[in-house]
Each structure stands twice: as structure tokens, then as C-alpha cells.
Amino acid sequence: RRTTCQSIGVGAIMLIGTASCILLSQLWHVCSNIAGVQHSTALISLSFFLALVDCTSSVVFLPFLANFPATYLSALYVGEGFSGLIPSALALVQYQSKDDTCSVSNTSYVAFPGCNSTLTVDGVRFQPNSYFGALAAITLASGVAFIFLRLRMSNYERLTTKDDDATSTVARQETNVDSNDTGPALELREAVFSDASYCLTESESPRSLIPVLVALAWICALANGVLPAISSYAYLPYGRQAFLITTVASILSSPLAAMLYFWLPSESTAIIGALVGVSSAAAAYVVFLASYCQRPLACQKSGTAVVVLLVITFNGCVGYCKVAVSTIARNLAQAKGLRWCGIVTQIGSFAGAIVMFGLTQKNLFPEADCT
């Protein structure tokens, strides 16, 4: 029953995401007149649903993976990281020069009544509806992959049920024959026929999870809240090419680190702590670059190499730590532990975004660019 509820939740998220992208591809330009002012109500409303999908996916997907071997966690984070590859590649292809501008036209699209004009973009390689259509195709492919995964799990459950029935029958026979056994013989039978393993039950909340969950919240605050808010301030002074390279490096380094965990797994809290420390130091230097007026090695190739190395180091450490913490949570508390991983991921991301929103509004980060 729990698995069915989880499957319904995942399916609902996939459906909402796909439908929102499809609607955005057709309605992104639509505006409405509210209190005499035109607003992009369709774009804002549908973007809200996409954000809702993004925020709830980790809370739903991670507990669902408790039904599979721990190696599936690495696959999830690899897919999560590479899911941004195609949209980012499209954004890079769409990249405009400084001379490209947006213009207002009445001819390209038809808006809701009350709109006097609609927006078309000049000097671009494709229109926004093509971009949102590509996002819809990616989300739809994810939904199809989930269906195949669910079918595989159903087959596994049927085989497991048969094996459990056979094991229970043998266990009852052994118990009837040797019902008076005590000591090592009884302990051996319990070890063989019991479903318990080294994992704790879901009703337990091991305190050993608290430090790694705090570490997860911290790195998610940095990765999803702090650095995205100041990346342009930190990287653009080294040139637009440096900014594009760091964007690509940030996309690739995290999933590659999650893939590395598949071959070099570690659940050592010491290693996790060291990686969190390294990622925090890298993030601190990025914040320094964003807030300092005279950027070190600005407009130089060596400066570009430094910022790219920072991005790779930070995202690589974060990607590896996410898989390691999730694996520990799964081994200690199964679905409940993974659910807490999803929750603290969103809490950390929310806290980092709120803090950086306030700081950026105070103009604490000077703008600079290579000329």
C-alpha cells in the first residue's frame, strides 16, 4: 500500500510537470489585464507549478527508492544532475550578443483580451515555445522511464512474495521439528528466516542521522541558494566565455561525482565532513569574488582557470556528499531516512535562497565585466 501511494505521488508530479511545460509552450506569451496593468499571468502561474514539481520531487522520489538497492540512489542523482544538461545546452545555443534586443510586436501572437501587445524576441535561434516543448519532451521521457521502473518493481515483488512464502513454509516446518531448541540453534534459525537486517525499522529515528542531515542542509543551501544568486557577480568579471565554461562545468561535475560514488562508495562521516569543508571553502571564495570590487586575475586566462576549478571542486564535493548522505539515511532508516533527506534538502535550499535574496537586494555585490 505504501509503495502504491508513493507511485501515485511520483506519477502526479510527472503529470503536473509535463502538462505545465506543454501549456507553457503554447501560452508563455499570453498576458492579462489586472487593475489596468498587463501581467504575464500564464507564464507566472505555470512557472509556479513547475517550481512546485521541482521542490516536491526530492521528497517523493527519494523514499520511493527505498524499495530498490542502494546503488539506485547514485543513478537518481546522476539523472538529476544531467537533467539540466539539455535545457542548459539549449540556453547556451540561444546565447545572444550584447546587441540583440527584445522588441514589442502585435503580429506574432494573439493574447487574451485586454492585452495591447505581445512580446517577440529578435536575434534568437528559436522561440521560447520550442524551449518549453523540449522541456515537456524531457519530462515525458522521465515519466515513461518511471513506468518501466514501476513495472520492474512489480515483477520483483511477485518473485519476492513467492520466495517469502516458500521460506515461511520451511521455517514453520523447522520450528515444529525443533520447537524445543534454544541457544545457538534458535539464534541461527532466527537469523536465517527473519526479515530483519542491519537496517533499522522506519519507526525509529536514529540520532546518528542528525549530523549528516545538517551537513546536507548546509551544502544544499550553498548549492541551490547562495551560489546561483551570485554566480554572475563572481564569474562575469572574468569574461563571458569564463561564465559559459563555469556554467557547463557546474552542470557536469555534480552528476559525474555521483557516478563516481557508484565505483568508490564511502559512508565515512569523516570523509563527508572533509568534503563539506572543502565545498564550504570553495563557496566562501566565490562569495569573496562576488563581493570584492577588484577581482583577482580578472580578464585573464589564469583567472578563468581558477573559477572553473572552484566550480568543479564545489559541485563535485556536493554531488558526492548527497549520494553518501542519502545512502547512510537509507541504511539507517529506509524510506523515513530518505524522506528526511528530501525535506532537509528543500529546507536548506529555501533558507539559502531567502538569505541571498535579501543580500542581493541591498546591492552588496558590485557589478563588473571584462571589456
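Predicted model: local features only at pLDDT ≥ 70, side-chain atom pairs only at ≥ 80, totals over all residues.
Contact here means heavy atoms within 4.5 Å.

Valine 59 belongs to helix α2, residues 41–64. Setting aside neighbours within four places in sequence, valine 59 is in contact with Arg339, Gly342, Ile343 and Gln346. For glycine 342, the C-alpha atom is separated from that of valine 59 by 4.2 Å, although the two residues are 283 residues apart along the chain.

Now to the helix pairs, both of which involve α9.

| Helix pair | Axis distance | Angle |
|---|---|---|
| α7 (residues 209–235) and α9 | 9 Å | about 25° |
| α9 (residues 269–291) and α10 (residues 301–361) | within 9 Å | roughly 145° |

Angles under 35 degrees count as roughly parallel, so α7 and α9 are roughly parallel to each other. Their crossing is left-handed. Residues of α7 that meet α9 include Trp218, Leu222 and Ile230, while the α9 side includes Val276, Ala283 and Val286. By class, this contact has 17 nonpolar, 3 polar and no charged residues.

α9 and α10 also cross in a left-handed manner. Among the α9 residues making that contact are Leu275, Val276 and Tyr285, and α10 contributes Phe314, Cys317 and Tyr320, among others. Here the classes come to 20 nonpolar, 2 polar and no charged residues.

Notes
Residues numbered from 1 in each chain as written. Heavy atoms only, no water. Axes fitted to C-alpha atoms, helices over the stretch in contact; angles between N-to-C directions. Helix = DSSP H or I, 4+ residues; strand = E, 2+ residues; numbered from the N terminus. Left-handed = near helix turned anticlockwise from the far one by under 90°. Nonpolar A, V, L, I, M, F, W, Y, C, P; charged D, E, K, R; others polar. Parallel < 35°, antiparallel > 145°, perpendicular 65-115°, else oblique.
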